[in-house]
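Student: Walk me through this one, please.

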Amino acid sequence: MKPLAAPVDATAQTRTLVRALGGYRVAHLSRSLAEIAITVIPFVLVWALLWYCVSQGYWIGLALVIPAAGLLVRMFMIMHDCSHGSFFRSRRANDWVGRAIGVLTLTPFDFWRHTHELHHANSGNLDRSRVGGIDTLTVREYRALTPLQRLRYRAYRHPLVLFGLGPAYIFLLDNRLPVGFMRAGAMPWLSTMATNLAIATVAAAMIWLVGVVPFLLVQLPIMLLAASIGVWLFYVQHQFEETFWARDEEWNVRVAGLHGSSHYDLPAVLRWFTANIGVHHVHHLCSRIPCYRLPEVLREHPELRDIGRLTLGQSLALVRLMLWDEDQRRLVSFRQARPALATRD
């Protein structure tokens, strides 16, 4: 990964970039509808073929879980664009397409949009709420923990939990109640309960149509794999060594967006399945750009290509990074943090 060097006047640079990128924020209705069609229709067809294989005892058909999960991830990314009001020009279209996809991805759209807005507003700020992100402690914060708290943090950050048990918990259980927002008014409850009711209705209809066991054998693996992929993508987008995090007095939302988010430079087929979400530094800088226009931004602004760039191979090494070192201004592993953890304030 190319080291990220902050510009002399990062605030002025990002302000200039935001103005330059303004023209890309226009969504094209025909393209948006085509993106939905080439995602939803193949998903339905692959799901039906997978169900047929399972019901006929062709267990080799379970290999279809992989493309089906990829298509479900792509649907989630379209929902993500809808949450930013970027996939359609119409707010109503964004809202209702987002809510419909939220039923398929087990995500209460309006409530998730609220928490995701908090993520964008506070990303990279060590003094603000880290709602909507992956919990990451600084070296000093970890050093202040009790042994039991340290064990719990290490367990939480273990790859099997972070990318296995954690995603399953989030999408199957945590999304069913507005945890942490119980007193935040009617919206979290209305969004969550309406989504739960719609999920139950769709699931009941599918169980009536194909049977409970075939439905679970098909849908659960797809959902669990898609959830793990989604959490991995979110992790890579912000958990890289030279990301940007700072205390409130040094933090700027645009600088944090551009330099605190990675450019996950994936192979072409994976870029398609992930709806270009890897161009995350541009997305955080200007979240109203539709996902299908992000490659256009990189082509016409080549200076953005190497900022926070990660390849698929490079990203696999990121799982060892667990703590933010405020002195070195980078993410470090527990081994790298060992000397600092041994000192006392």
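**Helix packing and overall picture**

Student: Which way does α3 cross α4, left-handed or right-handed?
Tutor: α3 passes α4 in a left-handed crossing (left-handed if the near helix is turned anticlockwise from the far one by less than a right angle, right-handed if clockwise). Bear in mind that this is a predicted model, where local features need pLDDT of at least 70, side-chain atom pairs count only at pLDDT 80 or more, and totals for chains, interfaces and linings use all residues. Residues are numbered from 1 along each chain as its sequence is written, and side-chain values use heavy atoms, without hydrogens and water.

Student: What's the angle between α3 and α4?
Tutor: About 150° between helix α3 (residues 65-83) and helix α4 (residues 91-104), and their axes are 8 Å apart. So α3 is roughly antiparallel to α4 (that label needs an angle over 145 degrees).

Student: Which residues of α3 and α4 meet?
Tutor: From α3 you have Leu-72, Met-75, Phe-76, Ile-78, Met-79, Asp-81 and Cys-82, and they meet Asn-94, Val-97, Gly-98, Ile-101, Gly-102 and Leu-104 of α4 (contact is heavy atoms within 4.5 Å). By class, that contact has 9 nonpolar, 3 polar and 1 charged residues.

Student: And how far apart are the axes of α9 and α10?
Tutor: 7 Å, with an angle of about 120° between α9 (residues 186-210) and α10 (residues 212-238). α9 and α10 are therefore oblique to each other, and α9 passes α10 in a right-handed crossing.

Student: Which residues of α9 and α10 touch there?
Tutor: Ala-203, Met-206, Ile-207 and Val-210 in α9 meet Val-212, Pro-214 and Phe-215 in α10. That contact has 7 nonpolar, no polar and no charged residues.

Student: New topic: how many helices and strands are in the chain?
Tutor: The chain has 16 helices and 5 strands (DSSP runs of at least four residues for helices, H or I, and at least two for strands, E). Its C-alpha trace spans about 65 × 50 × 45 Å along the principal axes.

Student: Where does pLDDT stay under 50?
Tutor: Over residues 1-8 (pLDDT is the predictor's confidence in each residue, from 0 to 100). Where pLDDT is low, the predicted coordinates should not be read in detail. The chain has a mean pLDDT of 92, and 96% of its residues reach 70 or more.

Terms used
Axes are lines fitted to C-alpha atoms, for helices over the stretch in contact, and angles run from 0 to 180 degrees between N-to-C directions. Angles under 35 degrees count as roughly parallel, over 145 as roughly antiparallel, 65 to 115 as roughly perpendicular and the rest as oblique. Ala, Val, Leu, Ile, Met, Phe, Trp, Tyr, Cys and Pro count as nonpolar, Asp, Glu, Lys and Arg as charged, and the others, Gly among them, as polar.
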